Structure formats: C-alpha cells, structure tokens
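Dear colleague,

I am handing over the structure below, and my notes on its salt bridges and on one of its pockets follow.

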Amino acid sequence: MTHDWDLIIFDCDGVLIDSELLSAEVLIELLAEAGVDIGFDHVRRNFLGRSFATVAKHIREDLGHDLAPDFEQLYRTRLLARFETELKPMPGIAPALALTAARGVPVCVATSSSPPRVSRSLDIAGLAPALRHVFTASQVARGKPAPDLFLLAAKEMGAEPARTLVIEDSLPGLEAAAAAGMIAVRFIGGGHLAGATLRHDPAVPLLRDWAEFPALLDRLRPEAVA
C-alpha cells in the first residue's frame, strides 16, 4: 500500500486563483444597482464556497429580494470581464501542482463555480494544463456543504475517500470534505481571508502559503484502507 494520497482535490476560487475579492466586488455592485445593499463581510459569511443557486436563495429568502431573470447571466458576464484583466493564480500554486505531478499523485478540481467560469478561470491563470479533471456543483443534486461533489470526484478518479486530501478555503467546503470522510486542509492565503476571524474545527490543518505545501504533504498521511 502506497503512503501517498489516492487523490488531491483542489477547490478553485480562493485556493487556485485569487478571485474571491473580485467576485464579491461584482456581486455587491450589481446588488446595489438592484437596490440591495450588503458589504463584504456579509458576502464572506454567507456566500463563500456556495453555488449561485444557494446565493440567490439567500438573497430571496433572507434579504427579501427577488433577483431579475437576467441577474445571474449579468453577474457572470461582468465577472468574467474582470477576470480577463485582473485574475491571478495564487502565488506558488504552479510549483505546488508540479510537486503533485512529480510524486505521481492524481489531482482534480471540485468547485461550486459554473463550468464556463471555472474553465475560463483556469485558462486565464495558466493552470488548465495541470488540472484536466474538473467537477462542478452542476453535476450533483446537492452542493457544498453536502459531500456529493467530493464523493463524485473521488468515484470518477478511482480514489478512496479516506485516502483523499481536500484543499479548501471555505467553511462549506470543509464541512463537505468531513461529510465525505476525507482529510481537509484549509488554505487561508487568499486576499478574501485577510483579517478574517476563522471559524472551523481547530483540528483542521492550515495552509497559509503554497510555499508550505511540500512540508504539508510530508507531514500528512492518508488513512490505510484494507
């Protein structure tokens, strides 16, 4: 039995790419145009790591505002326009992915973002060649924090959940990994978590910078599976 992982699952936004501040700015701007005023803390607390359908439900049920039929498309169009000129990969992520390749550990992406958004994001960031397997919330009945997306990724990649490592930045993502029986690490190097009060199981390891990734892999070990 190998001592390495069957699979490493990366969330996309806020983990591979430093996109969450851009996403929040666009959403806050569009909601303000629609007469809904919220701040970044509200976005970080309620929307981080969740699908747009969940975000829209919160706006409808908790904020009491029905979004226009074209709101989602307008949001995605405006956000991708920002991405084209402003989106950057997380510093150090390319060497981290090269390390997984050198160790022969399969990797994939599992994200709440839409397929067009994640595809274009990875292209812009120059990460698409290293991350050919991508799974999105559109493929499952329940998004994060349900385990469905991570379990789908593991099944499709031929990995045992107990031998799967998940790198996440959001609480829903961490909850989904735990529900799937996977080992989770919280990446906190994105701009959106600067100064944030972190609310998660203190047993979850933290990854502050991708430069720490080699030491993390040497320290963590998957569970043995008979």
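With which residue does E33 form a salt bridge? Please bear in mind that this is a predicted model. The partner of E33 is R78, and the closest N and O atoms of the two are 3.0 Å apart. The pair links distant parts of the chain, since E33 belongs to helix α1 and R78 to helix α4, 45 residues apart. As for accessibility, E33 is exposed, with a relative accessible area of 53%, whereas E29, at 36%, counts as partly exposed, and R78 counts as partly exposed at 25%.

A further salt bridge joins E168 to K144, with the closest N and O atoms 2.6 Å apart; because E168 lies in strand β4 and K144 in the loop between β3 and α7, this pair ties together parts that are 24 residues apart in sequence. Both of these residues are buried.

Turning to the second largest pocket, its volume is about 210 Å³, and its lining consists of 19 residues, with S51, F52, A53, S112 and A137 lying nearest the centre. Helix α3 gives the most to this lining, with three residues, and the lining residues divide into seven nonpolar, seven polar and five charged.

With best regards

How values were computed. Residues are numbered from 1 along each chain as its sequence is written. This is a predicted model: local features need pLDDT of at least 70, side-chain atom pairs count only at pLDDT 80 or more; totals for chains, interfaces and linings use all residues. Side-chain values use heavy atoms; hydrogens and water are left out. On a 1 Å grid over the protein atoms alone, a cavity is a set of points where a 1.4 Å probe fits but cannot get out, and a pocket is an open set with protein on both sides within 12 Å along at least five of seven lines; lining residues have an atom within 4 Å of a point. Grid points are joined across faces, edges and corners, and a volume is the space filled by probe spheres set on the points. Helices (H or I, at least four residues) and strands (E, at least two) are DSSP runs, numbered from the N terminus. Ala, Val, Leu, Ile, Met, Phe, Trp, Tyr, Cys and Pro count as nonpolar, Asp, Glu, Lys and Arg as charged, and the others, Gly among them, as polar. Buried means under 20% relative accessible area, exposed over 50%, partly exposed in between (1.4 Å probe, protein chains only). A salt bridge is a side-chain nitrogen of Lys or Arg within 4 Å of a carboxyl oxygen of Asp or Glu.
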